[in-house]
Amino acid sequence: MEPEFDGYMEEEEEWDREGLLDPAWEKQQKKTFTAWCNSHLRKTGPQNQIENIEEDFRNGLKLMLLLEVISGEHLPKPDRGKMRFHKIANVNKALDFIASKGVKLVSIGAEEIVDGNAKMTLGMIWTIILRFAIQDITVEELTAKEGLLLWCQRKTAPYKNVNVQNFHLSWKDGLAFCALIHRHRPDLLDYYKLSRENPLENLNTAFDIAEKHLDIPRMLDPEDMINSAKPDERSVMAYVSSYYHAFSGAQQAETAANRICKVLKVNQENERLMEEYERLASDLLEWIRRTRPWLENRTTDNTLPGTQRRLEEFRDYRRKQKPPKLEDKAKLENSFNTLQTRLRLSNRPAYLPTEGKMVSDIANAWKGLETAEKGFEEWLLSELQRLERLDHLAQKFRHKCEIHEEWAAGKEDMLKSGDFKKCRLNELKAMKKKHEAFESDLAAHQDRVEQIAAIAQELNSLDYHDVINVNARCQRICDQWDVLGQLTTKRREALEEAERILETIDQLHLEFAKRAAPFNNWMDGAKEDLLDMFIVHTTEEVQGLIDAHEQFKATLGEADKEYATIVGRVQEVQKLGQKFGITPPDNPYTTLHAQDITNKWGEVKQLVPHRDVTLQQEMMRQQNNERLRRQFAAKANVVGQWIENQLDAVASIGVTGRSSLEEQLKKLQQFDKAVVAYKPNMEELEKYNQEVQEAMIFENRYTQYTMETLRVGWEQLLTAIARNINEVENQILTRDSKGISEAQMNEFRMSFNHFDKNRTKRLEPKEFKACLISLGYKIRDDKQGEADFQRIMSIVDPNRSNYVTFDAFLDFMTRETADTDTAEQVMQSFKILAGDKPYITAQILRQELPPDQAEYCIQRMAPYTGRDAAPGALDYMSFSTALYGESDL
């Protein structure tokens with residue numbers, strides 16, 4: 001400090017000496033310096049104040065007393081004699097003390113002071129003022145005069161009509177003094193009512209307020225300030241320095257309060273983010289817990305309408321219930337990342353959520369939900385396919401049962417009849433032939449009964465809901481079939497026994513019966529085939545049915561000839577009757593009549609075109625299904641490729657490290673807008689998918705994409721963009737708060753990406769160690785080096801996840817240069833507010849801090865238990881320590 005002070009004195013010595021020759025300046029200095037000295041001497045009693053500065057310091061006693069007051073030190077004992085040499089000795093003791101403080105006294109001797117030399121006395125007092133009132137002033141590395149001038153400029157900058165450039169002309173109108181007072185004590189005057197046109201009023205107002213409220217005596221005369229062409233600079237500096245010292249204490253308290261407010265505001269915001277995270281995590285986990293049992297429920301009422309209602313409920317869940325929860329999950333992850341970044345930047349410990357509410361816990365719960373969701377949809381579609389097949393089989397079962405029951409009606413009574421015991425031989429032979437025809441008919445119906453049993457068995461295996469009635473009906477038919485077989489055997493044996501007696505047979509009737517029965521069976525089979533229900537899924541399958549029908553139609557010519565032959569036998573019988581004038585008897589060999597054959601043949605020919613129409617309608621339906629498949633595939637192939645391209649583009653951002661973080665953020669935000677703009681394509685695809693499902697289409701050979709894979713890809717794209725935006729914003733926040741240059745940030749990012757071979761945005765311990773070494777970080781290859789590396793891992797991976805994220809890597813590389821608040825700084829700020837006491841009171845906190853932050857401290861500070869504790873004393877030391885450690889704050 002001595003070289004700076006000496007240089008300043010030498011710089012001003014020449015003009016200063018010339019200035020003292022001006023009587024006006026000398027008069028101003030006498031008034032100012034006298035007032036300045038008295039402002040200190042009055043502390044020792046009014047009797048020690050001076051009236052004439054060149055006379056009252058001549059014996060050196062009050063000069064030594066002044067130095068003791070302003071320095072706080074004791075000078076050597078003064079000589080009490082009144083002789084000249086006593087006075088010189090006292091003045092020399094004072095001058096020696098001044099010199100011991102590093103001040104060079106140029107041309108000032110004890111004899112000149114004792115002789116009452118005004119010029120030298122004023123120079124000596126100015127030297128004392130410089131050393132003890134102005135030299136220690138420091139503002140932004142500027143000291144003394146320059147520091148005091150900068151302080152004045154900073155404090156008066158916001159005020160109109162004030163432009164402090166020096167310590168003479170800038171203060172003539174008094175507004176600068178008023179601005180200093182208003183800046184620190186706005187309650188003492190209304191600056192904006194003052195005018196530079198009233199300098200005398202302004203100066204008197206400032207001097208009166210300073211003397212009355214700030215304990216600063218009037219060192220300047222307003223009339224001298226106004227009437228002087230250039231006020232004395234030394235006088236103004238001496239007076240202005242009193243303002244600086246008067247306000248420095250208040251400024252120190254304000255700085256301390258601002259620091260505490262800053263720290264508490266950070267802590268309160270962190271607590272709010274923690275509470276918000278806990279609330280969001282609890283709500284999301286509770287929703288997942290309530291939703292999963294519904295998705296894992298695989299029971300239905302086993303009916304097609306009931307299962308379709310379950311599918312509608314699932315669609316409502318996917319469209320309305322899940323999307324808001326997906327947004328909550330993204331918001332939760334972003335909030336957690338932001339909170340951890342804020343904690344690192346404010347030198348706080350990392351936040352550890354409540355057990356079971358970690359980000360990984362929520363991710364696992366969400367993964368379980370999506371697994372259950374996928375399984376539920378697959379099960380629903382499979383169940384719909386199964387129930388549709390069941391419904392078709394049930395209709396086919398009922399149709400075949402009705403045909404068989406219609407055929408079997410009355411057969412049991414017929415077989416039990418004993419009518420053959422009363423008939424004639426020819427009638428008996430007819431009965432035998434009739435029975436043979438029945439046996440042929442019975443054998444022909446064997447296949448139908450076996451088909452009924454097979455369908456019933458399949459319905460049982462597929463768990464058809466009305467299987468009890470199906471089994472009962474099937475059992476009745478099978479039991480009846482067994483009875484018919486037994487009765488047929490018994491009747492044949494009885495007829496064969498009687499046949500030995502009876503022998504007349506009507507050949508024509510016999511031939512009719514033999515031809516009519518199989519033809520009738522063929523027509524029954526044809527009717528059954530023409531009325532048969534079918535289920536197909538492709539146009540190829542429909543075309544196969546159409547081809548089979550065309551083959552059937554090709555056989556109708558031969559069937560028509562057979563029909564003509566059978567009917568011709570009956571016509572021959574009628575001709576014989578007409579020829580011989582007899583009434584032809586009923587055919588004894590069959591229950592069939594020509595009219596029955598004719599009617600049934602007419603029905604078969606009518607069913608053929610009806611079958612044509614049915615098959616053509618099915619072909620149109622399958623063609624429509626094909627159109628729906630192609631429509632969905634065309635859109636899905638475009639959307640799927642777009643999603644994959646977007647995912648690749650998002651993943652590539654930041655990999656090369658050639659673009660700035662702001663450019664990366666801008667690109668990611670553009671991707672986010674592009675996704676929002678592209679969402680109508682997904683909604684259109686959902687509409688196509690609904691049409692496909694409503695048409696019961698279960699496969700699509702025109703695309704590899706399903707709606708499920710596209711939904712998953714869409715959600716992955718949304719999550720990737722949101723996560724990358726959050727990571728880049730946190731990196732920008734870290735870069736700005738740590739003062740990292742763009743070049744440093746790129747170097748860190750490129751080094752990290754170089755060792756992130758799998759592009760997972762995280763490094764394993766070996767990769768992280770190699771990355772540090774590549775950046776010049778020295779890690780020895782021995783036990784001590786391994787211990788140092790494990791210490792570094794505990795910093796960058798406090799949760800022991802066995803990997804290092806880019807945020808943790810960046811935080812480690814920059815934490816050494818971080819400008820953060822510490823517990824000691826906060827503790828020192830509280831100490832300033834408490835007046836250097838080890839405790840603080842609620843009253844002081846409410847005076848110095850905003851209401852909400854004052855109450856925050858009062859509620860959390862423990863009572864101070866020291867021996868010197870005052871009533872209501874609070875322990876600010878333990879509170880400051882707790883802010884930066886693990887606690888319940």
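Colleague: Which is Val-728, buried or exposed?

Modeller: The model is predicted, so local features need pLDDT of at least 70 and side-chain atom pairs count only at pLDDT 80 or more, while totals for chains, interfaces and linings use all residues. Residues are numbered from 1 along each chain as its sequence is written, and side-chain values use heavy atoms, without hydrogens and water. A residue is buried under 20% relative accessible area, exposed over 50% and partly exposed in between, with a 1.4 Å probe and protein chains only. At a relative accessible area of 5%, Val-728 is therefore buried.

Colleague: Which residues does Val-728 touch, not counting those up to four places away in sequence?

Modeller: Val-728 is found in helix H24; helices (H or I, at least four residues) are DSSP runs, numbered from the N terminus. Contact means heavy atoms within 4.5 Å. The residues touched are Leu-661, Gln-664, Leu-665 and Leu-668.

Colleague: Which elements give two or more residues to the lining of the second largest pocket?

Modeller: On a 1 Å grid over the protein atoms alone, a pocket is an open set of points where a 1.4 Å probe fits, with protein on both sides within 12 Å along at least five of seven lines, and lining residues have an atom within 4 Å of a point. This pocket holds about 900 Å³ of space, a volume filled by probe spheres set on grid points joined across faces, edges and corners. Of its 29 lining residues, the closest to the centre are Pro-323, Leu-326, Lys-679, Trp-714 and Leu-718. The elements are helix H13 (304-345), helix H23 (661-694) and helix H24 (707-738).

Colleague: Which residues is Lys-635 in contact with, leaving aside neighbours within four places in sequence?

Modeller: Lys-635 lies in helix H22, residues 594-652. Its relative accessible area is 17%, so Lys-635 is buried. The contacts of Lys-635 are Asn-681, Glu-684, Leu-685 and Tyr-688.

Colleague: Why do the buried residues of H20 line one face of the helix?

Modeller: Helix H20 covers residues 539-554 and reaches 22 Å from its first C-alpha to its last; the expected span, 1.5 Å times one less than the number of residues, is also 22 Å. The buried residues of H20 are Thr-539, Val-542, Ile-546, His-549 and Phe-552. The arc is taken from the directions from the helix axis to the C-beta atoms. The residues line one face because, seen down the axis of H20, they fall within an arc of 135°.

Colleague: Which exposed residues does the face of H20 turned away from its buried side carry?

Modeller: The buried side of H20 includes Val-542 and Ile-546. The face turned away from that side carries Gln-551 and Ala-554.

Colleague: What is phi of Asn-161 near?

Modeller: Most residues other than glycine have a negative phi. Asn-161 lies in the loop between helix H8 (144-156) and helix H9 (175-184), and is partly exposed at 41% relative accessible area. Its phi is positive, near 70°.

Colleague: What is phi of Asp-836 near?

Modeller: Asp-836 lies in the loop between helix H29 (823-833) and helix H30 (842-848). With a relative accessible area of 58%, Asp-836 is exposed. Phi here is a positive value in a residue other than glycine, near 65°.
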